[in-house]
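Here is a short report for a reader who is meeting this structure for the first time. Please look over the sequence and the model before reading on.

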Amino acid sequence: MPRSLFSLRIWNLPLPVPSITLRLGTIRGMNNNNKNNSRRRTADINIKSNPRLLKLQQLVNSNAAAGWEESWKQGVTPWDLGRPTPVILHLHHTGSLPMGSVLVPGCGTGYDVVAMACPGRYVVGLDISEEAIKKAKQMSSSLPNADYFTFLKADFFSWHPTDLFDLIFDYTFFCAIEPDMRSAWAQQVQNCLKPDGELITLMYPMDDHTGGPPYKVSIEDYKEVLHPMGFKAISIVDNKFAIEVRKGREKLGRWKRAVGHSSL
């Protein structure tokens, strides 16, 4: 992945207060009184001012697969919340998630995998990092619902499941891949999902920062690659359960594919 400068507060990574350039001028620090301007902020941060940020970029941008693996080994994982995604807990507890089989690509330590797993819903967590899968298994193997989930080390883009899934959940995966890989992402989603299955996307980060990962996303970015695969949005709403530093920059999208659609 190419070298790039991160936007402030991407992935909830602690940063020193930088000089921030806004569309309407330059200010020092953060303007907490104007949330709209904050969401439109475009910030170029001197990567030398934050060793942890520089380290993550060096690891990932030098070699994607090896970089993600090394980031897990060194604990440079600022996207990891250390707990299940709040909106997933809400959907699970309110019975708003489909039952059946579920795939979580880029699952990391697997908090969301475990949170969704239950009788009637079997969840597969997939990650390219062997270290991430190792950590996920270590943390979850003795849990009471361990019979309802599994973790696999594999590259999502070349993986061929033996059975198709009723649900695919994507969060901090679409934004982690380079934008020119998004069409391949959509194709693989179609390949792995049952014809009447559902795709849930937590769209993040929805802002104007440059570079990545994470790369900025928009509703149109998803539509551009999903519509040719026959997917249409059932609903797209603000994620009111987003963690504080991501509020206003996340939307929850739910997608279904027209039965019988073919991209050929």
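**Basis**

This is a predicted model, in which local features need pLDDT of at least 70, side-chain atom pairs count only at pLDDT 80 or more, and totals for chains, interfaces and linings use all residues. Residues are numbered from 1 along each chain as its sequence is written, and side-chain values use heavy atoms, with hydrogens and water left out.

**The chain as a whole**

The chain has 8 helices and 9 strands. Helices (H or I, at least four residues) and strands (E, at least two) are DSSP runs, numbered from the N terminus. Of the 264 residues in the chain, 49% are buried. Buried means under 20% relative accessible area, exposed means over 50%, and partly exposed lies in between (1.4 Å probe, protein chains only).

The chain exposes about 12,400 Å², and carbon and sulfur atoms supply 52% of that area. Accessible areas come from the Shrake-Rupley method with a 1.4 Å probe; for residues, only the protein chains shown count as cover. A contact means heavy atoms within 4.5 Å. Among contacts in the chain with a separation of 6 or more, 70% are between residues 24 or more positions apart.

**Salt bridges**

Side chains of opposite charge can pair when their charged atoms come close. A salt bridge is a side-chain nitrogen of Lys or Arg within 4 Å of a carboxyl oxygen of Asp or Glu. The structure holds 6 of these bridges. The table gives some of them.

| Pair | N to O distance |
|---|---|
| Lys135 and Glu131 | 3.7 Å |
| Arg254 and Glu198 | 2.4 Å |
| Asp238 and Lys251 | 2.3 Å |

Where does the Asp238 and Lys251 pair sit? Asp238 is in strand S8 and Lys251 in strand S9, so the pair ties together parts 13 residues apart in sequence. Asp238 is exposed, at 54% relative accessible area. Lys251 is partly exposed, at 22%.

The salt bridge of Arg254 and Glu198 has an N to O distance of 2.4 Å. This pair links distant parts of the chain: Arg254 is in strand S9, Glu198 is in strand S7 (residues 193-203), and they are 56 residues apart. Arg254 is buried, at 14%. Glu198 is buried too, at 9%.

Lys135 and Glu131 both lie in helix H6 (residues 130-140). They are 4 residues apart, about one turn of the helix. Lys135 is partly exposed at 28%, while Glu131 is buried at 17%.

**Buried charges without a salt bridge**

Lys and Arg count as positive and Asp and Glu as negative; His and the chain ends are not counted. Arg246 lies in the loop between strand S8 (231-238) and strand S9 (251-257). Arg246 is buried but has no salt bridge. Its nearest side chain of opposite charge is Glu250, 4.1 Å away. What does the side chain of Arg246 make a polar contact with? Its partner is the side chain of Tyr171, at 2.8 Å. A polar contact is a pair of N or O atoms within 3.5 Å; within protein, one must be able to donate a hydrogen and the other to accept it, and residues adjacent in sequence count only if both atoms are side-chain atoms.

Asp112 belongs to helix H5 (residues 111-116). Asp112 is also buried with no salt bridge, and Arg246, the nearest side chain of opposite charge, is 8.6 Å away. The side chain of Asp112 reaches the backbone nitrogen of Thr85 at 2.7 Å. Beyond its neighbours within four places in sequence, Asp112 contacts Pro84, Thr85, Ile88 and Phe169.

**Cysteines**

A disulfide is a pair of cysteine sulfur atoms within 2.5 Å. The count is 0 disulfides. Cys107 is buried at 11% relative accessibility, and Cys175 is buried at 1%.
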